[in-house]
Amino acid sequence: MTAKPKHRPTLNDIAKKVGVTKMTVSRYLRDPNSVAESTREKIAVVVDELGYVASRAPDILSNRNSKAIGLLLPSLSNQVFASLLQGIESVTKAEGYQTLITHYGYSAEEEEEKIASLLSYHVDGLILTESIHSERSQKMICAAAIPVVETIDLPEKPIDMAVGLDHKQAAFDLVSKMIEYGRRHIVYFAARLDRRTQLRSEGYLQAMEVNGLTPQIVSTQEHSSFTQGRELMCQALEQFPELDGVFCTNDDLAIGAMMHCQEHNIDIPNRVAIAGYNALDIGKAISPTLASVNTPREEIGAVAATLLLKKLSGKKVTKPIQDIGYSLYLGESLGKPV
């Protein structure tokens with residue numbers, strides 16, 4: 001068992017153990033190639049032996065870059081945001097930036113507090129996953145004068161930069177496809193009632209109204225889950241027994257709806273067609289495969305991080321607003337054209 005050190009290792013501890021000056025160790029930590037190879041190897045061994053971690057406080061206090069990016073996520077269990085993070089870190093890691101992640105549970109008030117916390121650590125930039133923010137959040141971000149990228153959505157008035165897709169149009173396209181496939185009584189399942197759910201609701205409503213159909217919505221304030229999907233399906237069948245299609249705000253609800261149907265011998269897609277949103281892997285692995293909207297979360301993350309780091313390096317960002325687009329995944333749960 002490794003003995004617990006009496007204090008946190010310092011530059012002086014390393015210098016004494018190697019037999020060099022503190023300045024030499026400091027120079028090595030900034031740029032290993034700035035010291036002789038033999039010295040470099042000795043310092044590396046001692047740094048590893050002592051478990052030394054460099055403090056960024058001096059850089060922060062001297063107004064130099066912290067080499068940290070703040071990322072605010074509304075959910076830690078949602079695969080959508082895990083994919084977004086992978087895309088971000090595929091860029092930031094290669095450039096030597098750390099990602100500081102905070103979770104705000106879809107709460108504007110909580111987002112406000114987490115933004116304040118991240119800014120207190122002097123992060124070099126922020127990546128947000130909402131397009132609507134409290135007045136205080138906007139004031140803090142403005143005062144910080146750092147690059148900001150809003151992701152997933154395409155806000156009407158971005159704070160700085162934005163990378164996302166048109167959720168209203170994507171929902172309109174998928175619901176229109178369900179109607180094209182002969183569905184006339186399509187119910188929309190909503191959860192959380194956040195901005196993205198609202199945009200998808202608008203797309204659903206528009207598609208139904210354009211085709212002269214009556215829109216019907218069942219919703220919950222709870223977070224999306226398979227269980228919620230099953231409960232909403234049960235509720236929808238009771239309220240709208242004539243339903244022949246279900247469009248869900250995400251794949252979690254859609255999978256739950258499919259589970260309920262399969263448990264009660266409700267044929268998919270002949271009796272009920274079901275579609276989700278985000279095209280998660282589970283939807284492509286089940287039978288029948290789940291129709292959904294392919295949203296390029298990793299690409300959104302990578303592009304957002306690229307824009308942020310480009311601005312941090314002083315380069316001009318020629319396209320601060322980028323629509324990454326989407327595609328429809330016409331799974332077996334949608335049925336066939338009539």
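A crossing is called left-handed if the near helix is turned anticlockwise from the far one by less than a right angle, and right-handed if clockwise. The model is a predicted one, in which local features need pLDDT of at least 70 and side-chain atom pairs pLDDT 80 or more, while totals for chains, interfaces and linings use all residues. Residues are numbered from 1 along each chain as its sequence is written, and side-chain values use heavy atoms, with hydrogens and water left out.

Helix α6 (residues 108–120) packs on helix α7 (residues 135–144) at an angle of about 20°, and their axes are 9 Å apart. Since angles under 35 degrees count as roughly parallel, that makes α6 roughly parallel to α7. The crossing of α6 past α7 is left-handed. Glu 111, Glu 112, Glu 113, Ile 115, Ala 116 and Leu 119 of α6 meet Arg 136, Ser 137, Met 140, Ile 141 and Ala 144 of α7, contact meaning heavy atoms within 4.5 Å.

Helix α1 (residues 11–18) and helix α3 (residues 37–50) have axes that come within 10 Å and cross at roughly 130°. The two helices are therefore oblique to each other. Their crossing is right-handed. On the α1 side the contact is made by Asp 13, Ile 14, Lys 17 and Val 18; on the α3 side, the residues include Ile 43, Val 46 and Leu 50.

The structure also holds one cavity of 30 Å³ or more, a cavity being a set of points on a 1 Å grid where a 1.4 Å probe fits but cannot get out.

How values were computed. Axes fitted to C-alpha atoms, helices over the stretch in contact; angles between N-to-C directions. Helix = DSSP H or I, 4+ residues; strand = E, 2+ residues; numbered from the N terminus. Parallel < 35°, antiparallel > 145°, perpendicular 65-115°, else oblique. 1 Å grid on protein atoms, 1.4 Å probe; cavity = no way out; pocket = protein on both sides within 12 Å on 5 of 7 lines; lining within 4 Å. Points joined across faces, edges and corners; volume = space filled by probe spheres on them.
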